[in-house]
Amino acid sequence: MMRALILLGAMLVAVHPAAAQQANDDDVWAPLRFLVGEWVGEGGGEPGQGTGGFSFQYDLQEKILVRRNYARYPATKGRPAYAHDDLMIMYAEPGRSGWQAIYFDNEGHVIHYVVSIPADGIWEFLSEAQPARPRYRLTYRETGADTLTIKFEIAPPGKPEAFTTYIEARARRKAPSH
């Protein structure tokens with residue numbers, strides 16, 4: 001009986017191109033699946049100590065991957081407490097290899113990223129170099145089964161490779177995978 005069901009499923013994929021396309025589309029996210037879930041972390045570096053978290057969740061029947069991020073920074077001598085919220089949508093555009101992402105935040109930033117995986121367990125989001133604008137690089141690095149580090153860097157206008165670290169953080173998955 002089980003063999004018959006498996007065979008029937010294989011035949012349906014062969015007969016229905018949409019089903020075959022769905023199977024192929026699922027594979028596009030395989031290198032990014034580690035990031036999926038809810039994460040909590042604590043950060044350091046400029047502009048100061050903060051706490052926050054983020055999630056990566058599929059949407060539109062796994063056609064996009066959505067990251068929602070928040071950070072809360074306490075007041076310091078020269079600055080009141082503040083909150084940062086952002087949304088990033090990752091997608092695989094037909095006819096292009098790899099992934100792209102678009103980022104929006106409550107400060108009015110919009111950043112277009114190209115997403116790459118330069119090595120196992122490293123995910124890099126790199127904005128395009130533009131002469132009169134800063135360039136951004138966001139890197140996630142897997143450090144354990146349910147832990148990672150995050151580094152956000154900025155390069156000044158006219159110096160697209162002169163990245164300096166703006167924020168570094170560590171995060172752990174809220175509900176460990178088993």
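This is a predicted model: local features need pLDDT of at least 70, side-chain atom pairs count only at pLDDT 80 or more; totals for chains, interfaces and linings use all residues.
Local features need pLDDT of at least 70 and side-chain atom pairs count only at pLDDT 80 or more, while totals for chains, interfaces and linings use all residues. Residues are numbered from 1 along each chain as its sequence is written, and side-chain values use heavy atoms, with hydrogens and water left out.

**Exercise 1.** Find where leucine 60 sits, and decide: is leucine 60 buried or exposed?

*Solution.* Start with the backbone: leucine 60 has a positive phi of about 50 degrees, although it is not a glycine. Finally, leucine 60 has 55% relative accessibility and so counts as exposed (exposed is over 50% relative accessible area, buried under 20%, partly exposed in between, with a 1.4 Å probe and protein chains only).

**Exercise 2.** Describe the second largest pocket: what is its volume, and which element gives the most to its lining?

*Solution.* The volume is about 320 Å³. A pocket is an open set of points on a 1 Å grid over the protein atoms alone, where a 1.4 Å probe fits, with protein on both sides within 12 Å along at least five of seven lines; lining residues have an atom within 4 Å of a point. The volume is the space filled by probe spheres set on the points, which are joined across faces, edges and corners. Of the 17 lining residues, the closest to the centre of the second largest pocket are Ile111, His112, Ser127, Glu128 and Gln130. Then turn to the elements: β6 gives the most to this lining, with 5 residues.

Notes
Helices (H or I, at least four residues) and strands (E, at least two) are DSSP runs, numbered from the N terminus.
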